[in-house]
Amino acid sequence: MRLPAFLSMTMLAATTMASAQTNVFYAERGHWTVMNSSTRCYAWNRPAADFNAAPYNGLQISAGPKSTISVDVFFWPGAVMMDREYRLQLYFSAGDVTLPAKPTIGDYVLASAPDMGLWRKLQDSKSLAVAVVGEPELATSFTLDGIDWVINTLTTCSAFLPKAPDG
């Protein structure tokens, strides 16, 4: 009688531990770093240690469930106000787009609204210039060297994310 109870408890514990596991994705190539959180995949234009030490003048590409994609631009601390809405102008070599943006992490990061067209614009571009509508001092630019690897790696990373519910 004790053996079936022991086996059933062991199976329950193993099932609980397996469902609690988190899939981790991490890849680096050149100056790019791609990793996931529990809900999104991120590509930073600098190695993680460098980004942590100086999180400004940075580019983060964020991919999520259902192939959503957006960009986050890191400016100098104090550059944006948390209670404002912004419009981020993205000048790709493959064409321009202006998207609504909002501060996310603090007073230095603007996250664009998701836009499926960003996949193609990123893939077809070698550089990205960024400006903020009505804020001439908020402008920066980035090289997109290695962007094909980044796009492919974000796609691979997305397979590690939980599946989004349909709807």
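**Entry: confidence.** I began with the scores, since this is a predicted model. The chain's average pLDDT is 85, and 84% of the residues reach at least 70. I then went to residues 1–20, where pLDDT stays under 50 and the model shows 0 contacts beyond four places in sequence. Where pLDDT is low, predicted coordinates should not be read in detail. I left residues 1–20 there, with their pLDDT under 50.

**Entry: ring pairs.** Next I looked for rings of Phe, Tyr and Trp with centres within 6.5 Å. I got 6 aromatic pairs. One of them is Y42 with W44, a stacked pair at 6.0 Å centre to centre, with 20° between the planes. For W44 I looked up the relative accessible area: 14%, so W44 is buried, the cut-off being under 20%.

**Entry: F74 and Y108.** How are the rings of F74 and Y108 arranged? I found their centres 6.1 Å apart and the planes at 50°, so this pair is tilted. Where do the two residues lie? F74 is in strand β5 (residues 69–74), while Y108 sits in the loop between β7 (95–103) and β8 (109–112). The pair therefore ties together parts 34 residues apart in sequence. I checked burial as well: F74 is buried at 3% relative accessibility, and Y108 is buried too, with a relative accessible area of 17%.

**Entry: the cluster.** Last, I followed the links from ring to ring. Ring pairs join Y42, W44, F51, F74 and Y108 into a cluster.

Key:
Residues are numbered from 1 along each chain as its sequence is written. This is a predicted model: local features need pLDDT of at least 70, side-chain atom pairs count only at pLDDT 80 or more; totals for chains, interfaces and linings use all residues. Side-chain values use heavy atoms; hydrogens and water are left out. Rings of Phe, Tyr and Trp (its six-membered ring) pair if their centres lie within 6.5 Å; planes under 30 degrees apart count as stacked, over 60 as edge-to-face and the rest as tilted. Buried means under 20% relative accessible area, exposed over 50%, partly exposed in between (1.4 Å probe, protein chains only). Helices (H or I, at least four residues) and strands (E, at least two) are DSSP runs, numbered from the N terminus. pLDDT is the predictor's confidence in each residue, from 0 to 100. Contact means heavy atoms within 4.5 Å.
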